[in-house]
Amino acid sequence: MNLMQDMLNGFSVAFEPQNLLFCLLGVLLGTVIGMLPGMGSASGVAVLLPLTLTLDPVTALIMLAGLYYGTEYGSTISAVLISTPGDGAALVTVIDGHQMALKGRAGQALAIAAISSFIAGTISVVFLSVLAPFFAAISLNFGPPEMFALMLLGLLTVGGIIGKSPLKGILMAVVGAMIAMVGIDSQTSTLRFAFDRSELYSGVSLVAVVVGIVALAELATQGASGQVKPIRTRFRDMVLSRKDLRKASGAIGRGGLLGFIIGVLPGAGPTLATFFTYGAEQRIAKDKSQFGHGDIRGVAAPEASNNAAVNGAFIPTLTMGIPGSATTAILLGAFILFDIQPGPQLFEQQGDLVWGLIASFYIGNVILLALNLPLAPVFASLLRIKYTYLYPVVLVVAIVAAYAVSSRLFDAFLAAGLAVFGVFMKQHGYPVAPLVLGLVLGGMVEAELRRSLAIGDGTMGIFLERPIALVILALAVTLIAIPQVIRLVRRRRVPVLPEDASTLAKTEVDA
């Protein structure tokens, strides 16, 4: 009964005219931004985050959430039509979606993507509504040691999963935490790492960092690449046959369930969910021959998984303050900027905001379906606009956004400087999400560690006395150790030839 009442209160908040308008605006802008190759949800949220700071917190968060799942569908449009996804989560959709487009079925590919996203998104929001309070109730029993262990686990999880090298991910999380220490220490009033710059006394601007290393770096990277000519599609081409719907129905259900489960895992996110789901769908299919050649199941499963994972990622974000994906790491920063602390107390202290946000997910899914079924060909025509016209507009918006938060040119220059660092990170395979997460959680990790040490009379033994904290820390250590052990085992299995033998082998091959 409490859940039903909470949801009714949430819908009363979400249906307020201002919130409906900004939900629509977020979904619409997200779809357009998602189509821009390489931009993705993280970059879109990074660009528009500063522009929402003058809004009411619940309105701003509803808009940013709409932007999040709007970009996920927008990236599907570019994935199908030009084989260049706007977001990493649509990489798998390229495999069969673009093949369908090459066979003249681009409309059906976009239609099944919209329907899959709607069905899986709606079901996963029901799961989110039921499970989020359960997770929050468990988290209420967490004290400073447990919260420190949980935040540390979140840092290591995102650092280890995102990117090809877990060590690079963990390194970026540490860099982010170090940036979070810049400024005056709130407990000792000691000035740290400010380099005699008064602009850094209050710390490094989260918005400047996010705009610089995420949005501007992505613009610089994508602007250097050429533009691909898109395949045309029309509204009448989007009609699906009963055979298509029957064939895709099972994939939609399985993709939605797997996507939500993976989305709940801290740091996993939609990209990992889509790869896992596509692989699982291919393995269980009786007829595997069409996968990779335009199989509609190869579009339906990852698209369902994608949207479900987006909703699942909000469970650890809202209940524990640990983002479930790269984009929710930036959204977590939005909570902090609005002076809202995600975690165990959020559902009790900010009930209207939380349930209004969750209710907006239902509404946003309906808006997405209503927009993208009839208007997908219209959105697709935007891909014909030259990037030389589109990207400068986004660039100006991003720079102005970095400046507008504090009205300081320093932050705009800082964002531009960090863009260079962001490009370097991309070129050398250093993931961005762990750095952003380290910046967001760094201060909180430090505060919880200090509180834990105060409880334990200045000793680390407090973590050995708290079973939950000990288990979480052990899991964190395991996450670091397992990839290294696997690499070591693989190296030992590979025979190493002596220098003269390897030279002889090479000579024989050349011959």
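Which side chain meets that of E448 in a salt bridge? The side chain of R451 does, with an N to O distance of 3.2 Å. This pair belongs to a predicted model of a chain with 511 residues, 53% of which count as buried. The secondary structure comes to 22 helices and two strands.

**Chain as a whole**

- The accessible surface of the chain is about 22300 Å², and 67% of this area belongs to carbon and sulfur atoms.
- Taking contacts between residues at least 6 apart in sequence, 79% join residues that are at least 24 apart.
- The count of salt bridges in the chain is 11.

**Salt bridges**

- E448 and R451 both lie in helix α19, which covers residues 433-455. They are separated by about one helical turn, because they are three residues apart in that helix.
- E448 is buried, with a relative accessible area of 13%, whereas R451 is partly exposed at 42%.
- A network made of salt bridges that share partners joins D185, R192, E446 and R450.
- E146 pairs with R466 in another salt bridge, where the closest N and O atoms are 3.1 Å apart.
- E146 has a relative accessible area of 4% and is buried; R466 is partly exposed, with a value of 23%.
- E199 and R197 also meet through their side chains in a salt bridge, at 3.1 Å from N to O. R197 is partly exposed, with 39% relative accessibility.
- As a general point, side chains of opposite charge can pair when their charged atoms come close.

**A buried charge without a salt bridge**

- E303 belongs to helix α12, which spans residues 297-312.
- E303 is buried and has no salt bridge. The nearest side chain of opposite charge is that of R297, 15 Å away.
- Apart from neighbours within four places in sequence, the residues in contact with E303 are T76, T93, A113, S116 and S117.

**Other buried positions**

- T317 is part of helix α13, residues 314-320. T317 has a relative accessible area of 0%, so this residue is buried.
- A polar atom of the T317 side chain lies 2.8 Å from the backbone oxygen of A313.
- A329 is located in helix α14, residues 326-337. A329 counts as buried because its relative accessibility is 1%, under the 20% cut-off.
- A329 and V436 are 107 residues apart along the chain, yet their C-alpha atoms are separated by 6.7 Å.
- Not counting residues up to four places away in sequence, A329 touches P323, V436, L437 and V440.

- Helices α6 (106-139) and α10 (242-264) are the elements that give two or more residues to the nonpolar patch. The largest share, eight residues, comes from α6.
- I123 counts as partly exposed because its relative accessibility is 44%, which is between the cut-offs of 20% and 50%.

**Positive phi angles in loops**

- Most residues other than glycine have a negative phi.
- F195 is not a glycine but has a positive phi of about 55°. This residue lies in the loop between β2 (191-192) and α9 (206-223).
- F195 is exposed, with a relative accessibility of 69%.
- D339, also not a glycine, has a positive phi of about 60°. The loop that holds D339 runs between α14 and α15 (346-349).
- D339 is exposed, with a relative accessible area of 73%.

Terms used. Residues numbered from 1 in each chain as written. Predicted model: local features only at pLDDT ≥ 70, side-chain atom pairs only at ≥ 80, totals over all residues. Heavy atoms only, no water. Helix = DSSP H or I, 4+ residues; strand = E, 2+ residues; numbered from the N terminus. Buried < 20%, exposed > 50% of the residue type's maximum accessible area, 1.4 Å probe, protein only. Polar contact = N/O pair within 3.5 Å; in protein donor to acceptor, adjacent residues only side chain to side chain. Lys, Arg positive; Asp, Glu negative; His and termini not counted. Salt bridge = Lys/Arg side-chain N within 4 Å of Asp/Glu carboxyl O. Contact = heavy atoms within 4.5 Å. Areas by Shrake-Rupley, 256 points an atom, 1.4 Å probe, with all protein chains shown as cover.
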